[in-house]
Amino acid sequence: MSVKHALLSLLEQEPMYGYQLRQEFESRTGGTWPLNVGQVYTTLTRLERDGLVEAAGEDEDGHERWRLTESGHEEVATWFTTPVARTQPPRDELAIKLALAVTVPGVDVGTLIQRQRSASMTALQDYTRLKRQAGAETSPARADLAWGLVLDSLVFAAEAEIRWLDHCETRLRRAAVQDAGTTTAARSAPTSEMAPASASVDRRKGARR
């Protein structure tokens with residue numbers, strides 16, 4: 001997630017101070033990705049250094065506010081009109097965990113998948129319940145719409161994760177069957193190779209008689 005662009009987008013509306021930016025971001029995303037207020041101020045400092053924001057004076061309560069510069073407005077416009085690149089996908093801890101589990105001896109990958117699927121199902125149920133609650137509210141506020149879109153994303157992601165785990169389980173079972181077949185073939189190979197030699201010995205014994 002780009003904290004930089006999230007803050008710039010919020011400042012597109014009006015000047016805000018750090019804690020206000022944090023509250024606005026968490027309100028619009030339902031607190032799905034909590035922001036540390038220290039991270040907000042650190043990001044604002046970098047944005048000011050890069051010429052994207054500037055001080056806008058204090059509000060009536062003495063809070064130092066920030067506003068976009070012309071370059072900041074251009075940066076927001078570019079961000080909204082540029083597709084999110086998928087050439088370098090973010091590190092997925094679950095995918096990495098499974099990739100390592102199938103190569104590390106002694107790991108019960110089947111149990112790992114079952115436990116993760118149970119956790120993913122619980123998350124999906126929670127997201128679905130939140131979605132129903134949000135749907136029951138009639139508020140037309142844009143923040144509610146924003147939170148609804150985030151919920152949709154979480155639901156779809158959880159559903160996809162469960163399908164992927166089912167797929168992983170199927171592939172593991174298929175691989176286990178193939179491994180078992182290969183092992184059986186390897187064990188039976190020496191016996192079949194020795195058979196001709198044994199038959200030759202028997203023939204030589206018969207010739208001596």
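Which residue forms a salt bridge with Arg 22? Good morning. The structure is a predicted model, in which local features need pLDDT of at least 70, side-chain atom pairs count only at pLDDT 80 or more, and totals for chains, interfaces and linings use all residues. Residues are numbered from 1 along each chain as its sequence is written, and side-chain values use heavy atoms, with hydrogens and water left out.

The partner of Arg 22 is Glu 26, and the closest N and O atoms are 3.6 Å apart. A salt bridge here is a side-chain nitrogen of Lys or Arg within 4 Å of a carboxyl oxygen of Asp or Glu. Both residues lie in helix 2 (residues 18-28), four residues apart, about one turn of the helix. Helices are DSSP runs of H or I with at least four residues, numbered from the N terminus. In total, the structure holds 10 salt bridges.

I turn now to helix packing. Helix 1 (residues 3-11) packs against helix 4 (residues 70-81) at an angle of about 115 degrees, and their axes are 9 Å apart. Axes are lines fitted to C-alpha atoms over the stretch in contact, and angles run from 0 to 180 degrees between N-to-C directions. Contact, meaning heavy atoms within 4.5 Å, involves Lys 4, His 5, Ala 6, Leu 8 and Ser 9 of helix 1. From helix 4, the contributors are Glu 75, Val 76, Trp 79 and Phe 80.

Conventions
Helix = DSSP H or I, 4+ residues; strand = E, 2+ residues; numbered from the N terminus.
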